[in-house]
Amino acid sequence: MTQYRFRLETGKIFPVKALISTKESELLSMQQHSLSNTVMRMKPVLIALLSCSFLYAGAQTRLITNVQARNSTSLNGQWQYIVDPYETGYYDYRWQERRSGDREAYWNSDVPDNKSDRKEHGYTDKYAIRVPGDWNSQDAKFLYYEGTVWYNRNFDFNKTNPSSKVFLHFGAVNYEAHVYLNGVKLGWHKGGFTPFNFEIPDSLLQATGNRLVVKVDNKRKRDEIPTLNTDWWNYGGITRDVHLIEVPPQFIVDYSLQLKKGSTNELVGWIKFNEAVNHKVLVEIRELGLWQDVTVKGDSAAFVLKANGLQLWSPENPKLYSVVLRNGSETITDKIGFRTVEAKGSQILLNGKPVFLRGICIHEEIPREIRRAYSTQDAARLLQQAKDLNCNMVRLAHYPHNEHMTRMADSLGILVWSEIPVYWTIDFTNEAVLQKAKQQLHEMITRDRNRASIIIWSVGNETPVHAARTAFMTSLVHTARAFDSSRLISAALEVHRVQGVNVVDDPLGQVTDIVSVNEYLGWYGGGLSAACRNAKWDIRYNKPFFISETGAEALSGYHADSLTRWSEEFQEWFYREQMDMMRRMPPNFAGISPWILNDFRSPRRNNPWYQEGWNNKGVYDQQGRKKKAFYVLKAYYDEMEKKYR
Ligand code: GCU
């Protein structure tokens, strides 16, 4: 049995592996005895972190967090491309994968050796698109394109320090990325909404004329996540920022700093290095007069900080502190808010006080430009729309949105539900699919672990209730909690009706911290909106109850009486009846996030008069104009804000 060791700041050394087999309760009892309990409580997290290297497929290296605070060079901009629906650049005419030296492979040079040489692929500025960005919105020929596109970017790069290491980091690539530098494969990654990075060996990096080629394939497949069927458009491409990151040979890969549950002044943290070291790291929060040396012997260390006079982060006071980690020449600065969140009985407590979630669901899309959102400006625009609704929470559907979004939510004081796209009917019986889901979960949590705004990790949406699914989802809930026990774990469950009663008894509700359901009473079944008046709810869990979706469609500007479906009046009426129903909900009712902020592109919506490839359930239309329903929802939120003040 291999032994892992790490030194607690109290000087005690613990053989980690032994603890893995120790029952949780023994751990808990050890915690009752000394101050280093706090550090003990982090053990499960550290153990989970230490032992999840199995998650890194395709030669990825451990995810480097807080990229924007690193010594990084952006590779954003115009990239040349080749559209390759037949994957000619990857497979030969016998559909055999091309070997690395194959001259016809699209990762190899496209320059002919001489005038007689036959080259049938090439990169030119004639065919170039922006990175970050989806390809569908950048050229009409791509509007409905799903398949392979090759990207090429040449760059020069001189290391500032010969001994440093260089990594290539992608914010996200939808869906499957194969990455080559100077004709050599660095690795591959699957999953369209989470970051990944590869180390660039010194032998490969040139001072000038580096050729970076990325094969991107966004074809939907049965055994992927999401799978074949979604109610959003499958935008393809290198959809988020790309950076070269230069770090010292021994560097801080990841770290965590959070307020201990139930505390108002004890910060618990850990630091993880790329390899075993014997270093002192200075943790500094100048505003709190906090400077503390953390001794790291091995590849990680845990620590505790006493922070007197701490202002807690909340929507009303989104206080962020500048936290600095100094590791020799390496300095990492982050803006972190400190708050606690928990489910206690039937309430969600934020910093120990009950909170009502005034939410809205958001897709990562700028509808006016029919494109994926990817920038700080995009985040500001979308979250400002939510603020104008008087929201204090957003559900980022149905996949992790870009980091600009979660950092903006930190600054604006908006609570966040973040989710992995285990959506509808994925292949629950396939172990490899479970591993893919866990990888996405790990990447999502790792990237945003220090974001105060995120209070809920969701492991999926509207997955059908059967044994294989429940086992699959339960495993995800446990994995999420092992990665991060400081937040609530949930999923958007389905509600079913028994003799007209809305019954919430999905078995997954046994393991989630809150019970969240999507209901469309008055739109999908159950009669028209008046059905809300006599709606009865039978919620089989004494846990906080959250409505993670409700909504109705309206074609903006189409006006009629409230019985006329697709009209703004119909949607307005729907919201009126729904909000009245919300006022009559059981006492464990903790909030809602209606579906959805903006109309969004969906290939499943093909009514030629009222949809034309759009899901028009937005309370804002494609141009950002408010629909009549907007005002009904805003009025309800103003009321709830007063009630819970
Ligand atoms: C579902 C689903 C959404 C979808 C919405 C709708 O509940 O979660 O992704 O867009 O309902 O039908 O509009």
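This is a predicted model: local features need pLDDT of at least 70, side-chain atom pairs count only at pLDDT 80 or more; totals for chains, interfaces and linings use all residues.
Local features were taken at pLDDT of at least 70 and side-chain atom pairs only at pLDDT 80 or more, whereas totals for chains, interfaces and linings use all residues. Residues are numbered from 1 along each chain as its sequence is written, and side-chain values use heavy atoms, without hydrogens and water.

The ligand is surrounded by 14 residues (a heavy atom within 4 Å), the closest being Asp 231, Tyr 423, Glu 462, Tyr 524 and Glu 549. Polar side-chain atoms of Asp 231 and of Tyr 524 each lie 2.5 Å from an oxygen atom of the ligand. For Asn 461, an N or O atom of the side chain is 2.8 Å from a ligand oxygen atom. Of the 320 Å² that the ligand exposes when taken alone, the protein buries 97% (Shrake-Rupley method, 1.4 Å probe).

Helix α8, a DSSP run of H or I with at least four residues, comprises residues 467-483. Its 17 residues reach 24 Å from first to last C-alpha, close to the 24 Å expected at 1.5 Å a residue (1.5 Å times one less than the number of residues). Buried positions (under 20% relative accessible area, 1.4 Å probe, protein chains only) include Phe 472, Met 473, Leu 476 and Phe 483.

Strands (DSSP runs of E, at least two residues) β16, residues 321-327, and β17 pair in the antiparallel sense over seven bridges; pairing requires at least two DSSP bridges. Val 324 stands opposite Thr 333 in β17. The two strands form a hairpin with two residues between them, and Gly 328 in the turn has a positive phi of about 60°.

Technical notes: A polar contact is a pair of N or O atoms within 3.5 Å; within protein, one must be able to donate a hydrogen and the other to accept it, and residues adjacent in sequence count only if both atoms are side-chain atoms. Buried means under 20% relative accessible area, exposed over 50%, partly exposed in between (1.4 Å probe, protein chains only).
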